[in-house]
Amino acid sequence: MEHPHLDPTIVTAPTRARRRRRTGAGRVIRNRLLVAVPVLFATSAGMFALGAASPIDPAQQYAGAAAFTTSEENLAQIRANWGIDDPLPVQYLRWLGNLLRGDLGWSTSRHEPVVDVLAARAGWTLLLVGAALVVVLVASLLLGTLAAYRRGGWFDRALRTTAYAIQSVPSFWLGLAAIAVFALSLGWLPAGGLTDITATGTDPLDVAWHLILPVGVLALSQMPWFVLFIRDSVADSLRDDHVLAARARGLPGRTVLFGHALRTGLLPFLTLIGTHLPELVGGAVLVETVFSLPGLGAVTVQAALGSDFPLLAATTLATTVVVLAANLATDLAYAAADPRVRLE
């Protein structure tokens, strides 16, 4: 008995499609890496040039108060050990070589290796940013979609007015106002810190309780753009032909809103997430400073005030890497969400 003949195009078409997607994704990653290398190089060179132009003597800064009593020979020995008096290109190449080997230098403001500073504090910053991003996405999707569905109504007008007002307020002012209201006046939430002052360890529930205000303030400061964008995008999607056809077929309003209009409006929203991630990270620096959180924000401010070049350069490069990675993830997510978009 002969086996039925199978059309090879039917069998191989899905395989070819998956192969094209993998090839396209690999091409996007490769192109992003080709862009990331010169961006990181330019960022590191700019940071190094600014650090070299600083009038502050790193040897005296490292010595601290002892610089007023120590001999010039000791300071000269520190400069020789660090190669401060070498030509600028030599210093940069040496610093770049150490960076490629994982040696980020010594923090002059905290008197410990920069790697240890980042390892101890980066996790808290990622937790703050990640939690705030989740709150922003969920709240903006819900509020923006409801405002678009009731476009022109009282809820839509009130939401837009509030969004414009919040957008004009600095995030540090929101933090101070939140502390004054919810911590000092009402006494509902702690005013700062990561744990209670009497705590002997890091309890997850205690940390979550202390992060309510910082996460809320950071999310609120970044939410207006997302809410307004979702509102306009979903409002435009409600006038698309496929949404009008869904309404004509008698589908429930909730299905039309969330299953058709919102799904179409989410595609540009992915790009907005990637473009606003640097602003979210920058806002985290201010929020951590206001609420005295042990993240990278506080040490970044301390490094800037103390001209701690190794630590400042490391935090800047780390932020740049996060932004580049977010842009790559946004491109891949956009292409995965919309089959019509070609990764090329």
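Start with the lining of the largest cavity: Leu-133, Val-136, Gln-222, Phe-226, Ile-273, His-276, Leu-277 and Leu-280. H10 gives the most, with four residues. Keep in mind that this is a predicted model.

What is the lining like by class? Six residues are nonpolar, two are polar, and no charged residue takes part. The volume of this largest cavity is about 50 Å³.

How do we find such places? A probe the size of a water molecule is rolled over the atoms, and that shows where empty space is left. Here the count is three cavities of 30 Å³ or more.

Now the second largest cavity. Its volume is about 40 Å³. Around it sit Trp-124, Leu-127, Leu-128, Leu-194, Leu-211, Glu-288, Leu-293 and Pro-294. Which helix gives the most to this lining? Here it is H5, with three residues. By class, we get seven nonpolar residues, one charged and no polar.

Step back to the whole chain. We have 12 helices and two strands. Of 344 residues, 35% count as buried. The accessible surface is about 19700 Å², and carbon and sulfur atoms account for 66% of it.

Last, contacts. Take those between residues at least 6 apart in sequence: 70% join residues at least 24 apart.

Definitions and conventions:
Residues are numbered from 1 along each chain as its sequence is written. This is a predicted model: local features need pLDDT of at least 70, side-chain atom pairs count only at pLDDT 80 or more; totals for chains, interfaces and linings use all residues. Side-chain values use heavy atoms; hydrogens and water are left out. Buried means under 20% relative accessible area, exposed over 50%, partly exposed in between (1.4 Å probe, protein chains only). Contact means heavy atoms within 4.5 Å. Accessible areas come from the Shrake-Rupley method with a 1.4 Å probe; for residues, only the protein chains shown count as cover. On a 1 Å grid over the protein atoms alone, a cavity is a set of points where a 1.4 Å probe fits but cannot get out, and a pocket is an open set with protein on both sides within 12 Å along at least five of seven lines; lining residues have an atom within 4 Å of a point. Grid points are joined across faces, edges and corners, and a volume is the space filled by probe spheres set on the points. Ala, Val, Leu, Ile, Met, Phe, Trp, Tyr, Cys and Pro count as nonpolar, Asp, Glu, Lys and Arg as charged, and the others, Gly among them, as polar.
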